[in-house]
Number of protein chains: 2
Amino acid sequence: MSIENISANRSFGGWHKQYLHDSQSLNCKMRFAIYLPPQASQMHKVPVLYWLSGLTCTDENFMQKAGAQRIASELGIAIVAPDTSPRGESVADDEAYDLGQGAGFYINATQAPWSRHYHMYDYMVELPALIETTFPVTTQRAIAGHSMGGHGALMIALRNPASYVSASAFSPISNPSQCPWGQKAFETYLGKDRDSWRDYDSSELLKNADKPVPMLVDQGEADSFLVEQLKPETLEEAAKASNYPLQLRRHSGYDHSYYFIASFIEEHLRFHGKYLN
Amino acid sequence: MSIENISANRSFGGWHKQYLHDSQSLNCKMRFAIYLPPQASQMHKVPVLYWLSGLTCTDENFMQKAGAQRIASELGIAIVAPDTSPRGESVADDEAYDLGQGAGFYINATQAPWSRHYHMYDYMVELPALIETTFPVTTQRAIAGHSMGGHGALMIALRNPASYVSASAFSPISNPSQCPWGQKAFETYLGKDRDSWRDYDSSELLKNADKPVPMLVDQGEADSFLVEQLKPETLEEAAKASNYPLQLRRHSGYDHSYYFIASFIEEHLRFHGKYLN
């Protein structure tokens, strides 16, 4: 398995680096970014927060805009940001921003032509394994994300409660089976049979979660996608019904942008820091 | 004078906003960004830090990537980020990234066709006046910038010591008359007469500065532009010779990117905060 370092920037005493590698799950070359805090060394391995980005993003948006390295440097937490879909000329795509490249939705597609490459759910098993054999990190993992990536983070934590100590999200697509973004993606990637959608819908998964993962969700009340696409109330209701440890906070005036994420990312890092050793 | 608000994002309890206005100095429509901290109101005006960006940047890079709003929110300082040149289809341009639009160099061009619009030095007089009549800010100003904008910030402070209480820069083009970026821009915008260049060269201006402005400069030692383009040693030597209050810090391993800026922007904000009331 080749892995190629393509950039390195010193940041808050640690290093931000980008890598290319051949993904077996996605059947294409993938780029990811990692922030290694100054504490990380072979003698002192650090835990990892995985960050899943939203529609149209790459590994770069969060690393450049969230201001997370400052707190990761203080707390001694590595951050890994994967891309949001398989990439490349041979990878199926769509002209819309909410389908195809940049819009992998963290699921395993079963429908042609998407099923050849779109296995982002499997990639989120492959990538941590690669990270843990390549970098000075422990197997302690937390997961977080924004919008489509918020959906990904909560859904992956709910389905893999033994693999993640905590999960958090900004403005997640909380009930993708019941909103236009999710319905378009799920019907395209998974087909019309809605039974297959349930395994990728956090509000559905929450109803039957057995091993709870501490979960923090922040939502801006001025988010233009709030009512039609995000539906945090479905997550809240499911958590109440199943007595799930979800903390959902609403913030007056904040929108869907990285200005919202930057404003509260410190609290997310400290939330995960409580559970990561 | 019309001024049009085109975006608003809540950020760290305050507001990041973008505006369009007709600039008289530049003879075109210009966009700028302002961060207003939560303390700012008509009853409580706040001082302003002007941030000048580098080659290819707009008003957006610093606001999105530096992480400055967090500290500005704490300290009660507004931040204004202008664009880096005049803009528009009727504005002269060049295919190179270091000339024309995105590369105004904060000078008043005297050579055709540039002299019609390229008056960024004058714009940096026009814009603060507009800011101070439009927003709840005081007339207390500090100025900072990166690379080409670091040159701009130091040069403008040196020439207007009564207008700025403090100045700082990351990786400034310290001696533009003696480096390829500066020579190309100055010869194109100002002509071959090097006497006219001196007024825009911080290392030259420092030699004869009468009223000192407290000045902080951070330079990464792994910056690929350090030796050929930035030449901080010329600034340092001029400051020593004239006993100017310049604090120049070199940082091992850091490059020319916003990861460097983000790592040390807090110290710049607190430096300016000492002088801004």
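How many bridges join strand 8 of chain A to strand 9 of chain A, and do they run parallel or antiparallel? Six bridges, and the two strands run parallel. Strand 8 here is residues 215-220.

Before going on: what we have on screen is a predicted model.

Okay, the overall arrangement of the two chains. If you rotate chain B by 180°, with 0.0 Å of shift along the axis, it superposes on chain A with an RMSD of 0.0 Å. The two copies are thus related as by a two-fold rotation axis. And which C-alpha of chain B sits nearest that axis? That would be the one of B:Lys65, 2.4 Å away from the axis.

As for how the copies meet, 100% of the interface residues of chain B are interface residues in chain A as well, so the same surface is used by both copies.

Now the sheet, starting with chain A. We've got an open sheet of nine strands with mixed pairing, and the order reads 1-2-3-5-4-6-7-8-9. At the edges are strand 1, residues 3-11, and strand 9, residues 246-251, and each of them pairs on one side only. Ignoring direction, neighbouring strands are turned by 20° against each other on average.

Across from A:Gly220, the bridge partner in strand 9 of chain A is A:His251. Then there's helix 4 of chain A, residues 148-159, which packs on the sheet and touches strand 4 (46-52), strand 6 (137-146), strand 7 (167-170) and strand 8. The direction of helix 4 makes about 135° with that of strand 6 of chain A. Helix 8 of chain A, residues 232-242, lies across strand 8 and strand 9, running at about 150° to strand 9.

Over to chain B. There, too, an open sheet of nine strands shows up, with order 1-2-3-5-4-6-7-8-9 and mixed pairing. Strand 1 (3-11) and strand 9 (246-251) of chain B each have a single partner strand, so one side of each is left without a neighbour in the sheet. From one strand to the next, the twist averages 20°.

In chain B, strand 8 and strand 9 run parallel and are joined by six bridges. If you want a pair to click on, B:Val217 stands opposite B:Leu248 in strand 9. Helix 8 of chain B, residues 232-242, lies across strand 8 and strand 9, at about 150° to strand 9. Helix 9 of chain B, residues 258-275, packs on the sheet as well, and the strands it touches are strand 4, strand 6, strand 7, strand 8 and strand 9. Its direction makes about 175° with that of strand 7 of chain B.

Let's zoom in on strand 4 of chain B. Is it buried or exposed? Seven of its seven residues are buried, so it's largely enclosed by the rest of the structure. Strand 4 runs parallel to strand 6 of chain B, with six bridges joining them, and B:Val46 stands opposite B:Val137. Strand 4 also pairs in the parallel sense with strand 5, residues 78-82, over three bridges. There, B:Leu49 stands opposite B:Ile79.

Among the buried residues of helix 3 are B:Tyr121, B:Met124, B:Leu127 and B:Ile131.

Two residues in chain A to finish. A:Thr84 sits in the loop between strand 5 and helix 3, and its relative accessible area is 0%, so it's buried. Its contacts beyond four places in sequence include A:Ser53, A:Cys57, A:Phe105, A:Met120 and A:Met148. The side chain of A:Thr84 makes a polar contact of 3.5 Å with the side chain of A:Arg87, and a polar atom of the A:Thr84 side chain lies 3.4 Å from the backbone oxygen of A:Gly102.

The other residue is A:Asn61, in helix 1 of chain A, residues 60-65. With the cut-off for buried at under 20%, A:Asn61 counts as buried because its relative accessibility is 19%. A polar atom of its side chain is 3.0 Å from the backbone nitrogen of A:Thr58. Leaving out residues up to four places away in sequence, A:Asn61 touches A:Ala66 and A:Tyr258.

That's my tour, thanks.

Terms used:
Residues numbered from 1 in each chain as written. Chains lettered and ligands numbered in written order. Predicted model: local features only at pLDDT ≥ 70, side-chain atom pairs only at ≥ 80, totals over all residues. Heavy atoms only, no water. Least-squares fit on C-alpha atoms with pLDDT ≥ 70 in both. Contact = heavy atoms within 4.5 Å. Buried < 20%, exposed > 50% of the residue type's maximum accessible area, 1.4 Å probe, protein only. Helix = DSSP H or I, 4+ residues; strand = E, 2+ residues; numbered from the N terminus. Pairing = 2+ DSSP bridges. Axes fitted to C-alpha atoms, helices over the stretch in contact; angles between N-to-C directions. Polar contact = N/O pair within 3.5 Å; in protein donor to acceptor, adjacent residues only side chain to side chain.
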